[in-house]
Amino acid sequence: MIKMSPDTALILVDVQHDFLPGGALAVTQGDEILPIIASLQPQFEHIVATQDWHPANHGSFAANHPGTQPGQQIELEGLPQILWPVHCVEGTFGADFPVTLDRSRWQAVFQKGRNPLVDSYSGFFDNARRGDTGLRSYLLLQGITRVCIAGLALDYCVKFTALDAVSLGFKTLVFTDATRAVNLRPEDGRRALDELKAAGVYCLESKALSSYV
Ligand code: VGL
Ligand code: ZN
């Protein structure tokens with residue numbers, strides 16, 4: 001097992017019941033990333049997580065816009081917004097992390113999506129890039145210059161977290177086997193990887209991590 005240098009953090013994005021099979025916004029085969037995350041965690045000195053955490057009146061829920069369906073796009077406070085099933089409501093089981101996920105070495109959890117008027121795919125900023133979760137300043141205070149990302153979902157929260165990380169100047173890697181896509185359109189996951197690579201994000205299988213050290 002390799003050990004990443006202390007300037008590198010593992011960011012676990014939204015590994016929550018509602019994104020796992022059986023959840024309200026289940027990502028197909030999302031549970032397959034759990035054993036991979038388990039084998040990745042011991043290789044990192046710094047581990048943080050993000051948690052999708054919505055009030056029940058959140059504007060991204062189709063249920064809060066009568067006459068709409070999940071998957072439909074609307075405008076929310078001037079931004080395009082895909083409507084989702086009710087998911088990750090604060091304090092509910094769906095918003096919690098599975099017990100099989102070892103949290104004993106997590107140093108911090110950054111909640112996002114608390115403002116009902118704007119969605120928040122990235123673990124750093126909301127979609128309007130106004131609200132800040134504090135993740136950036138936390139990483140900077142810890143002396144982190146490189147981040148490695150795993151979690152759900154590849155075409156939304158993993159993608160936008162990685163794009164923000166690279167735009168903030170972090171060397172950024174996404175573990176291609178420790179993420180899965182929602183795939184509202186069948187190619188969304190593959191397209192997300194193309195976008196990430198084009199933005200300068202390393203996309204690597206977890207077993208190839210030693211080649212990145
Ligand atoms: C996510 C859609 C809505 C995600 C969160 O974690 O990828 N996707 N909220
Ligand atoms: Zn959400």
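Ground rules first. This is a predicted model, where local features need pLDDT of at least 70, side-chain atom pairs count only at pLDDT 80 or more, and totals for chains, interfaces and linings use all residues. Residues are numbered from 1 along each chain as written, chains are lettered from A and ligands numbered from 1 in the order written, and side-chain values use heavy atoms, with hydrogens and water left out.

Now the fold. The protein chain has four helices and eight strands. Those are DSSP runs, numbered from the N terminus: helices are H or I, at least four residues, and strands are E, at least two. Along the sequence the pattern reads β-α-β-β-β-β-α-β-α-β-α-β.

Buried means under 20% relative accessible area, exposed over 50%, partly exposed in between, with a 1.4 Å probe and protein chains only.

Next, helix H1, residues 33-40. Ile33, Leu34, Ile36, Ile37 and Leu40 are buried there. Why one side? They cover an arc of only 160° around the axis, so they sit on the same side of H1. The arc is that of the directions from the helix axis to the C-beta atoms. In general, an α-helix has 3.6 residues a turn, so residues three or four places apart point the same way. The cover over these H1 residues includes strands S1 (8-13), S6 (146-152) and S7 (171-180).

On to ligand 1. Its surroundings (heavy atoms within 4 Å) include Asp14, Asp52, Trp84, His87 and Leu152. Which polar contacts (N or O pairs within 3.5 Å) stand out? A polar side-chain atom of Asp14 lies 2.6 Å from a ligand oxygen. The side chain of Asp52 has an N or O atom 3.1 Å from a ligand nitrogen. A polar backbone atom of Leu152 is 3.3 Å from a ligand oxygen. Taken alone, ligand 1 exposes 250 Å², and the protein buries 99% of that. Those areas use the Shrake-Rupley method with a 1.4 Å probe.

Last stop: Asp194, in helix H4 (residues 188-198). Buried or partly exposed? Asp194 is partly exposed, at 39% relative accessible area.

Note on methods
Contact = heavy atoms within 4.5 Å. Polar contact = N/O pair within 3.5 Å; in protein donor to acceptor, adjacent residues only side chain to side chain.
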